[in-house]
Amino acid sequence: MSAEAKVVAITGAGTGIGAATAELLAAQGHPVVLAARRQQRIDGVAARIRAQGGVALSVVTDVTRYADMETLVAAAVREFGRLDVLVSNAGIAKTGLIAERDVAGWTAMIDVNFRGVLHGIAAALPVFREQGRGHFVTTISTSGLKIVPSQGVYAATKNAVRTLLEAFRQENTDGVIRTTSISPGYVATELADTIEDDTLRAQVRKSMADFGLDAAAVARAIAFAIEQPADVEIGDITIRPTVQS
């Protein structure tokens with residue numbers, strides 16, 4: 001590794017923003033540790049990275065299980081000697097009207113979108129503290145900035161993360177820990193596949209197809225935050241299509 005290289009672990013790295021971020025960072029010379037539940041997906045991303053001369057490790061990870069996040073962090077340290085950045089990107093969207101009382105969907109979103117971020121912080125923080133440096137980059141959503149019907153609970157999980165990271169930032173002003181929140185708007189990813197309501201899923205897929213950003217645009221924003229010098233913290237980045245309301 002070059003002196004400028006950073007070891008970056010990425011959850012939700014099998015597709016979409018996570019995969020695009022892994023490929024971009026690896027092309028820039030950063031070793032990446034790919035995490036997702038589906039082995040075949042992350043192995044495929046890792047193979048593409050290695051074919052281009054990059055360095056990648058894949059670790060099957062369910063962010064809802066704290067032990068899995070501990071395993072992910074330990075694998076990065078074992079393979080590369082350290083972990084510099086954790087990109088918490090895994091997320092699901094079980095959207096629908098609150099009156100539909102989708103308790104199972106609500107629980108799943110809380111577990112992945114919010115508790116998964118907490119698990120990442122808890123797993124990586126001791127390593128970051130011991131190293132004297134570390135960066136948490138977390139994918140949130142513009143859904144938490146503009147509240148609309150059918151996205152109430154989804155937006156609530158994203159705003160819970162936003163609140164969490166702001167408090168965490170204020171707890172860490174000694175220059176060791178950095179936090180960055182990335183809030184994408186419509187991006188052409190597989191997130192719509194997690195929406196169970198047929199009508200809502202079709203609407204989101206149409207918007208993604210009509211004007212959704214390429215996932216690489218969000219990857220570039222993440223790379224920008226990561227490449228800043230140690231005394232610079234990019235706190236929040238909102239990135240959306242220019243035509244999105």
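# Helices and strands: why these names?

Mentor: Let us begin with helix 3 and helix 4, whose crossing is right-handed in this model, which is a predicted one.

Trainee: What makes the crossing of helix 3 and helix 4 right-handed?

Mentor: A crossing is given that name if the near helix is turned clockwise from the far one by less than a right angle, and the crossing of these two helices is right-handed in that sense. The axes of helix 3 (residues 66–80) and helix 4 (residues 103–131) cross at roughly 35 degrees and come within 8 Å.

Trainee: Which residues of helix 3 and helix 4 meet there?

Mentor: From helix 3 come Tyr66, Met69, Glu70, Val73 and Val77, and they meet His119, Gly120, Ala122, Ala123, Ala124 and Val127 of helix 4. Sorted by class, the residues of this contact are eight nonpolar, two polar and one charged. Gly120 belongs to this contact, and Gly is placed among the polar residues by the classes used here.

Trainee: Why is helix 1 called oblique to helix 7?

Mentor: The axes of helix 1 (residues 16–27) and helix 7 (residues 215–226) come within 8 Å of each other and cross at roughly 55 degrees. Roughly parallel needs an angle under 35 degrees and roughly perpendicular one of 65 to 115, so an angle of roughly 55 degrees makes helix 1 oblique to helix 7. Helix 1 passes helix 7 in a right-handed crossing. On helix 1 the contact involves Gly16, Ile17, Ala20, Thr21, Leu24 and Leu25, while the residues of helix 7 include Ala215, Val218 and Arg220. The classes in this contact are 11 nonpolar, two polar and one charged.

Trainee: How do you know which word describes helix 1 and helix 2?

Mentor: Again we set the angle against the cut-off: their axes come within 10 Å and cross at roughly 20 degrees. Angles under 35 degrees count as roughly parallel, and therefore helix 1 and helix 2 are roughly parallel to each other. Their contact is made by Ala19, Ala22, Glu23 and Ala26 of helix 1 with Val45, Arg48 and Ile49 of helix 2. It divides into five nonpolar, no polar and two charged residues.

Trainee: How do you know that strand 2 and strand 3 are paired?

Mentor: Two strands pair if at least two bridges are found between them, and strand 2 (residues 32–36) is joined to strand 3 (residues 56–60) by five bridges, the two strands running parallel. One of the pairs is Ala36 with Val60 of strand 3. Between the two strands the chain passes through helix 2 (residues 39–51), and this β-α-β crossover is right-handed.

Trainee: What makes strand 3 and strand 7 edge strands?

Mentor: The open sheet holds seven strands in the order 3-2-1-4-5-6-7, with parallel pairing. Strand 3 and strand 7 (236–239) each pair on one side only, and that is what the name edge strand describes here. Neighbouring strands of the sheet are turned against each other by 15 degrees on average, with direction ignored.

Trainee: Where does helix 1 touch this sheet?

Mentor: Helix 1 packs on the sheet by touching strand 1 (8–11), strand 2 and strand 6, and its direction makes about 165 degrees with that of strand 1.

Methods: Residues are numbered from 1 along each chain as its sequence is written. This is a predicted model: local features need pLDDT of at least 70, side-chain atom pairs count only at pLDDT 80 or more; totals for chains, interfaces and linings use all residues. Side-chain values use heavy atoms; hydrogens and water are left out. Axes are lines fitted to C-alpha atoms, for helices over the stretch in contact, and angles run from 0 to 180 degrees between N-to-C directions. Helices (H or I, at least four residues) and strands (E, at least two) are DSSP runs, numbered from the N terminus. Angles under 35 degrees count as roughly parallel, over 145 as roughly antiparallel, 65 to 115 as roughly perpendicular and the rest as oblique. Contact means heavy atoms within 4.5 Å. A crossover is right-handed if, with the strands pointing away from the viewer, the path from the first strand over the helix to the second runs clockwise.
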